[in-house]
Amino acid sequence: MANTVLVGAQWGDEGKGKIIDFLTEEVDIVVRSQGGNNAGHTVITGDKKYVLHLIPSGILRPGKTCVIGNGVVLDPVSLVEEIEGLRAAKIKVGKNLLISDCAHLVLPYHRLLDQARETAKGKQKIGTTKRGIGPTYADKAFRVGLRMGDLMQPELFSQKLAARIKENNAVLKAYGAKPISFKQVNEAYLAAGEKLRPFVTNTVVFLHHALKQEKEMLFEGAQGTFLDIDHGTYPYVTSSNTTAGGACTGSGVPPHRIDRVLGVMKAYTTRVGEGPFPTEDRGLGEMLHGMGREFGATTGRARRCGWFDAVATRFAGMVNGIDDIAITNLDGLDTVETIRVCVGYQKGRKKIEVPPSDFRQLADCEPVYIEMPGWQAPTTEARSFDTLPANAQAYALKIAGLTGGRLAIVSVGAHRDQTILL
Ligand code: GDP
Ligand code: IMO
Ligand code: MG
């Protein structure tokens, strides 16, 4: 399958986990290169449902190696819990998991600061997952972060932690939050560190060795294009590069070894948290929520829903270099009579072809829609493109064409077999 970077083309939760699980059959290695446990990737195999947060979704397939790269931020305590949860479900986690010694650690003060800053922002809050992602990446950029490699050296770790807790307790105090106990955190993190020790290594060296051996890799993007710290709807974004380039910086695999970029997008649009969302549509949201769909995999929050936004996905196509497209949740539109697709924005009298970089300007954009007839028939049993209703085929081809990429996969349900390969 060659080395593929898989990215979300919208605001996250595009169904990346499902598509990664499907594609993993053909690859040797699955790599996470950014984000942390703000991600929630749902995979359904048989009658079992897994939600993966930090561990690459490839872990569910025997014989595949999973790598948590240097660009990921991880909370060792929750990572141990995730590993133990998988083991309890009889999933093997051993030599098939590698963790970069350069991955930065999420510490309890990061989580508390995330919460305190959100509360302090009031109405202007970002709506983060409160997992401490922003403060951890901020510390990384500030060059005061603690890394997995530090945790592997207990004395050094404790020393650094003591200094960091001292400083962060002063900051927490300014927010009126409770201080953190060094002793408790130190003990919990060192204990988790010992459990993680067998997995920790220089993953860059491992990946380059694998490249020499012509092993095939799949880079599992987390979040989505418009949550990218540079290209998203700043400041209503996450704190990493969720776009294709992040796969290289976050893993140490050079750009010329990437063969293909696969963009995953829903047949409509969803977003969790605050920030502009031009095609948001309450009626569509009520319909999808009524079907029990579109509740967050990490926080359980109801996702905001709207029509497919081709202005956004066209930009995603550009910034990621999307070659191939996977459309998920086509079945979500099975009962809709007339489907709207946003093909441009209108701002006053001005027609706009690309999403403005300034979130206020984006919020002022009115979507320009075309309408397409729905198919009003179930698609969930279709196993080939030509057995989909004609209107469903036309819709999928239309939104892929507007995005600019080859339609490669259509997903009509959460299960592995509900996947159509073109
Ligand atoms: P991710 O973060 O991109 O991996 O996506 P999430 O797992 O957070 O959210 C996607 C949701 O859609 C999950 O509940 C999936 O099980 C579900 N899903 C994925 N593809 C399809 C599909 O084609 N049809 C249906 N009905 N559900 C899907
Ligand atoms: P997956 O990988 C959807 C959103 C949050 C918030 C913003 C910042 O499952 O697609 P953060 O906690 O990262 O500082 O929150 O980003 N967000 C996601 N939305 N899917 C995700 O991951 C997300 N990870 C973060 O809701 O708006
Ligand atoms: Mg998700």
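Q: In which loop is the place of Asn 329?
A: Helices (H or I, at least four residues) and strands (E, at least two) are DSSP runs, numbered from the N terminus. Asn 329 is in the loop between strand S15 (324–328) and S16. The model is a predicted one, in which local features need pLDDT of at least 70, side-chain atom pairs count only at pLDDT 80 or more, and totals for chains, interfaces and linings use all residues. Residues are numbered from 1 along each chain as its sequence is written, chains are lettered from A and ligands numbered from 1 in the order in which they are written, and side-chain values use heavy atoms, with hydrogens and water left out.

Q: How is a phi angle read, and what is the phi of Asn 329?
A: Most residues other than glycine have a negative phi, and most peptide bonds are trans. Asn 329 is not a glycine, yet its phi is positive, at about 55°. Arg 143 is not a glycine either, and its phi is positive at about 65°. Arg 143 is placed in the loop between helix H4 (133–142) and helix H5 (148–151).

Q: Which residues does a cis peptide bond join?
A: Tyr 234 and Pro 235 are joined by one, with omega of about 5°. Pro 235 belongs to the loop between strand S10 (217–220) and helix H9 (245–249). Tyr 234 can also be placed relative to Arg 117: the two are 117 residues apart in sequence and 16 Å apart in space, C-alpha to C-alpha. Arg 117 is in helix H3 (residues 108–121).

Q: Is Arg 143 buried or exposed?
A: Buried means under 20% relative accessible area, exposed over 50%, and partly exposed in between (1.4 Å probe, protein chains only). Arg 143 has 74% relative accessibility, so it counts as exposed. Arg 117, at 32%, is partly exposed. Val 343 is also partly exposed, at 26%; its place is in strand S16 (residues 338–347).

Q: How many residues of H1 are buried?
A: For H1 the count is 9 of its 9 residues, and the helix is mostly covered. Among them are Lys 16, Gly 17, Lys 18 and Ile 19.

Q: What does the side chain of Lys 266 reach?
A: A polar contact is a pair of N or O atoms within 3.5 Å; within protein, one must be able to donate a hydrogen and the other to accept it, and residues adjacent in sequence count only if both atoms are side-chain atoms. The side chain of Lys 266 reaches the backbone oxygen of Asp 13 at 2.7 Å. Lys 266 lies in strand S11 (residues 260–266) and is buried, with a relative accessible area of 2%.

Q: Which residues are closest to ligand 2?
A: A residue is near a molecule or strand if one of its heavy atoms lies within 4 Å of it. Of the 20 residues that surround ligand 2, the closest are Asp 13, Lys 16, His 41, Thr 129 and Thr 238. One oxygen contact of ligand 2 is with an N or O atom in the side chain of Lys 16, at 2.6 Å. For the side chain of Thr 129, the distance from an N or O atom to a ligand 2 oxygen is 2.5 Å.

Q: Which residues come nearest to ligand 1?
A: Lys 16, Gly 17, Thr 42, Asp 331 and Ser 411 come nearest, out of 19 residues around ligand 1. The largest share of this shell, 3 residues, comes from H1. A polar backbone atom of Lys 16 is 2.7 Å from an oxygen atom of ligand 1.
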